[in-house]
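User: I would like to go through the contacts in this model and ask what each label rests on. Please set the values against the definitions.

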Amino acid sequence: MDNQTQNPDLHPPAAEGPSVGRPVRRLEDERLLRGGSRYVSDLIATSDALRVKILRSPHAHARILAVGATAARAMPGVVAVLTADDLAGVGALPCDWQAPGMIAVPLHPVLARDRARYVGEPIAAVAAESAHAAEDALAAIAVSYEVLLAVAEQEAAIEPGAAQLHDALPNNIGYQFRREGGDVERAFAEAEVVVRRRLTNNRVAPSPLEGRVVLSEFDPVSGRLVHHTASQLPHPHARSLGACLGLPLHKLRLVAPDIGGGFGAKLCFYAEDVICAFLSMRTGRPCAWSEGRGESFLATTHGRDHIQYAEIAASRDGRITGFRSRLLADIGAYAIGMGPGVPAINTGFSVSGPYNIPNVATEVVGVFTNRTPTGPYRGAGHPEATFLLERMVDELARELAMDPAEVRRVNFVSPSAMPHRMPTGWTLDSGDYAANLDAALELAGYRALRARQAALRAEGRFLGIGVATFSESSGVGPSIGMGSVGFRRAGHESARVVVHADGSATVFSGTMSTGQGHATSLAQVAADVLGLAPDEVEVVEGDTEAVPFGTGTFNSRSMAIGGTAVYEAARKLLDKARKIAAHKLQRRPADLTFEDGVFRPSDGLGVIPAAAHIGKKVEDKVVHAVFRRRMGMDLPPSDREAGTVTFADVAREAHLGHDLPMGMAPGLDETDFFDPVDMPSAYGTHIAVVEVDPETGQVALLRHVVVDDCGRIINPLLVEGQLHGGAAQGVGQALMEAMVHGMGGEPMVGSFEEYAMPRAADLPSFETGHTEVPTKLNPLGAKGVGEGATIGATPAVVNAVLDALAALGVTEVAMPMTPMHVWRAIERAREARGTKGGGDA
Amino acid sequence: MHDFVYHRASSLDEARRLGAEEAAAFLAGGQTLLRDLKHHRRTPTSLVKISGVLPREIDLRDGGIRIGAGATHAEVAISEVVRERLPALAGLAGHIGDPAVRHRATLGGAVVAHEIAGDYPPACLALGATVHTTGRDVAAAEFFAGPGRTALEPGEIVTAVTFPVPAKAAYVKFLNPAARYAMAGVFVALAADGRPRLAVTAARADGAFRWREAEAALAAALVGDALREVRMPLDGLAEDLFADAAYRGRLAEVLARRAVSLANGAAPGVAVFSHGSPLRIGVER
Amino acid sequence: MPDVSMTVNGRAVRGTAEGRTLLVEYLREHLHLTGTHVGCDTTQCGACVVHVDGLAVKSCTMLVLECEGSAVTTIEGLAPHGGSLHPMQAAFREHHALQCGYCTSGMVMMAVDIARRLDEPDEATIREELKGNICRCTGYHNIVTAIVAGAKAMAAERE
């Protein structure tokens, strides 16, 4: 376990030896650093594709009375204009995660027909020779609307008499999903302490730096569509595209080349993909669309957005006996992608976190509002659960005047109790939460921090220390269980590993990197099994023609599930290679060692045991004799004198097939599907240290400590990167990011001038450590790491600010904790205490 | 962006002539103009590129620093003359936008754009600067006519600005977490004649202004404490997602005190406050 | 349509472009130098940073016609074709300072500019200097480490 404040031992690995566990530098970086990346927009820039622009509803809620495209169609450079009428045969966009109990599932149409239900909803589309011509044509499309009342917030939407989005869903309620375990009523009746709060988890925009982008090319001669899109789910999206268009999948190739960040925003299957493909089919020209940054705030799914009512019941010693919550989750205007399922299942099942809370009741209400639909965003439901729980645990600590770290410790599920079935039904598979917390406390120097906090308070300064612990069910599976929670995708992942005649290898993986470094990490897994160096392994993702099966990248599954599939496929290959080597060396496969790419007899002798030797010699003689008789020619003498065989020798032999064991087919090509039996729980502790300036509400983020447990670490360099980047996004939600709408549903955010993205100067260097409790749920021992830091960071920072301001009587700060919100909370507390004043604290 | 005819002026006279035509716009650094064009806020039919003909020199003249309108913010920030005589101005220039923007954006462009949250306008007002154009010399107070507007006639070009060197000066701003320009900013200067001047930017919806009440309070003593009871009136203050009128007014009050403390301190210059970043201990007290 | 000529990555380039063509559009669509990216529409994200006449600028907020006669360097021109990486590029790789790669070109070009202007800047200064470069993936930690190392390597090369 590493306690260093800087990056732990990250010296590059030696040239030989296994690479898993070592900080291998990324294989893909040289290309990216030289400007050789290939994002979809780069393909568009070098093509003559028609440019597609989308006409979007300017109203949050309106009847569409008429759409007049005639003038637009006649404009110079315009090749086609689409309205809903043109898409009569096209299916609606799928919702692949319908929360159990949804009475109706209002799907998002590709183009709105009778009603627009959020600002930004696509109404029409133009394909033209240039972006300028397309834009000009958009302005010429005449739409007449009858504006309707809109609801822009959950509690307003469920009020009787509120504007209704969908006739089939009264009060705009999509579902009420309940999970209960134990006897919550009794726990609250008998509790010594009960704390109740109303919390908000702010709506955010994932904002990967690359916006969404599509280049679709239909070849009318072959009837084949090649569809380039920045998608985190190439195979599911190919299925969705085929279904929408009525195009069979053997005529559809979906390619996701380099992708500039996803974070969940590119998990949804969107209208623009269908529109571009449809336009290409209609015009016979490639059609391209790229999202402008402003458009992204309207057209791409948002994350989070809960109103949370929580009650925590405990005894005076800090032990939590009951936890009850009612969560109003905003689904937005339509059920699309994973939207409805994320709060219901991921949040609904996760609310007890790493704690042993015997009585839990959760109700998640999915509410439709006239806003851009929500979808998964880094953590996808887990941050919402963790925020809720960690805020309430801190409130409990304050109520009991107990140290927040100690309250957590008292409630942790202990390692001896693992696997632990939570009252909600999911299982924590493994973990040592107390050891992880201790490591974080030590790394942070927690005691010294508390002392410093007291000293500074005496000087009239406000230091805050925030603790948050989390557990996260990553790598969702098994496939058989998905349907029970309404998830219409698989839980398994596939990998095909092929060894070429020279011994190098290619991995075809169904996962899809958007920056996580699969080209390196999956190469490491395969390379170690096959005795290769990582740069002798090429990883191919994101092309449904090259990779026939796949589920994609989400829920931190790529290493745990995808990596395991790679591992197992490579092991099958190695098995076969071993048999070929054994045949060449006249040994039994079990008698060979494989080290540094070489098969050697394990007894070190050039001569084989008599029994096996005789059998082999006889077989050889028979084969030679039969061949001579039939062909009248002699086979070359088998070289059985060599003492060792290299992997490259085996590979060559597998391709040539001159001297393979009897009955063995040539080739070194194995596919594996790994379907996890359950979800490993990643976990960690975050400790944030802030100082607040009460005059201006400025929060200085002084330190941020993360001790993460993602099970077995495949590449510590990549893991560090995920912790830093994940934590930064969590900090962003805590302090500055918010997708804000006015009461009528009008977005108040249209660019980075209103949406606050964290910059380098906002963040400290992160101090990271690791505990490594491998999971037994996959042979790699790996859990997920991509989302954990986001899950833990937001509540740690929020708790830190509240910890700093407790001395000023502040109990709540509006989210996000911008300077104005912090300042206002301080002013309110001051007024409540009856102290006036405009100056120093 | 709408298309336009592009002219590269080869002399100031040619520039004035082209610029006087209808729907013409001058292009210097382009950091505000091009942004406006991309968002369809302006639709000129001709652009006149004047970077090549604008003066860029920075020199001391008659008790003031005269800076050519073509000087970029980066050039002003590293100018020895400005850093030595008016570090608050060098620091101000060095904290406009970001380093890449500062390599292009010019003093002339900033002054002409007169943005509500611009950093140069309060400096011009607090220092009593003079704006030199191809036609005349105008006091800053008369030059800034309203948000986004100046006293310039069509075809008239700003060629330089002279900043009188004060006895003391400082600039303090608090950044909007999203846009990263000022959410409130205060420039304070003690003129050579002993009179304090204090100008505020990004507070009022109509742009930078001299805060007379604050100046009056400081006339007694140029110390932060003198401003303890001075309140920013909330009428007419700008409002956005990150600062409503009440908060913005308070911010302006706090920053005014800090600007005075900084001007009196050992290293007068610029202090920028930004959410997430370290507090600037010493400037608060 | 006006003519424009300049040097790009050391080679003389001539072409024609509409007045409204941004430098980034010209680089990407006319010259097919797609290493420079567009990530926002408010001149904030820095994915488009290139060098014009030796200074880092945002190519999304310059007209290509403004570059008449200028020397433009893009990410593709930082290391010689087929040659070894520029020390700043090497530092980014060494310190895992890129994940999705979308901000990387602009970040590296800005980093080189910072190192040239400020010799060997410390971490706090580097964080300030990156105000105009947004990264969504890395949390900036490794970018800062890489720039410290890259600047040091560049300084050593100069000696």
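**Contacts between chains, domains and helices**

Analyst: In this predicted model, the contact between chain A and chain B takes 28 residues from chain A and 22 residues from chain B.

User: What makes two residues count as being in contact?

Analyst: The cut-off is a distance: their C-beta atoms, placed from the backbone, must lie within 7 Å. The 22 residues of chain B and 28 residues of chain A are counted on that basis.

User: Which element gives the largest share of the side of chain B that touches chain A?

Analyst: Helix H11 of chain B, residues 245-264, gives the largest share, with five residues. By class, that side of chain B has 13 nonpolar, four polar and five charged residues.

User: Where do the bounds of the domains of chain B lie?

Analyst: Domain 1 of chain B covers 52-164 and domain 2 covers 168-273. These bounds come from an automatic or database domain assignment. Taken over C-alpha atoms, the centres of the two domains of chain B are 19 Å apart.

User: Why is the crossing of H10(A) and H11(A) called right-handed?

Analyst: A crossing is right-handed if the near helix is turned clockwise from the far one by less than a right angle. Helix H10 (residues 341-350) and helix H11 (residues 382-400) of chain A pack at an angle of about 35°, with axes 8 Å apart. H10(A) passes H11(A) in a right-handed crossing, so the turn is clockwise under that definition.

User: Which residues make the contact of these two helices?

Analyst: H10(A) contributes Pro343(A), Asn346(A), Thr347(A) and Ser350(A), and H11(A) contributes His382(A), Glu384(A) and Ala385(A). The classes are two nonpolar, four polar and one charged.

User: What is the division of chain C?

Analyst: Chain C has domain 1 (3-77) and domain 2 (87-158), with C-alpha centres 21 Å apart. In chain C, 15 residues of domain 1 are in contact with twelve residues of domain 2.

Note on methods. Residues are numbered from 1 along each chain as its sequence is written. Chains are lettered from A and ligands numbered from 1 in the order in which they are written. This is a predicted model: local features need pLDDT of at least 70, side-chain atom pairs count only at pLDDT 80 or more; totals for chains, interfaces and linings use all residues. Helices (H or I, at least four residues) and strands (E, at least two) are DSSP runs, numbered from the N terminus. Ala, Val, Leu, Ile, Met, Phe, Trp, Tyr, Cys and Pro count as nonpolar, Asp, Glu, Lys and Arg as charged, and the others, Gly among them, as polar. Axes are lines fitted to C-alpha atoms, for helices over the stretch in contact, and angles run from 0 to 180 degrees between N-to-C directions.
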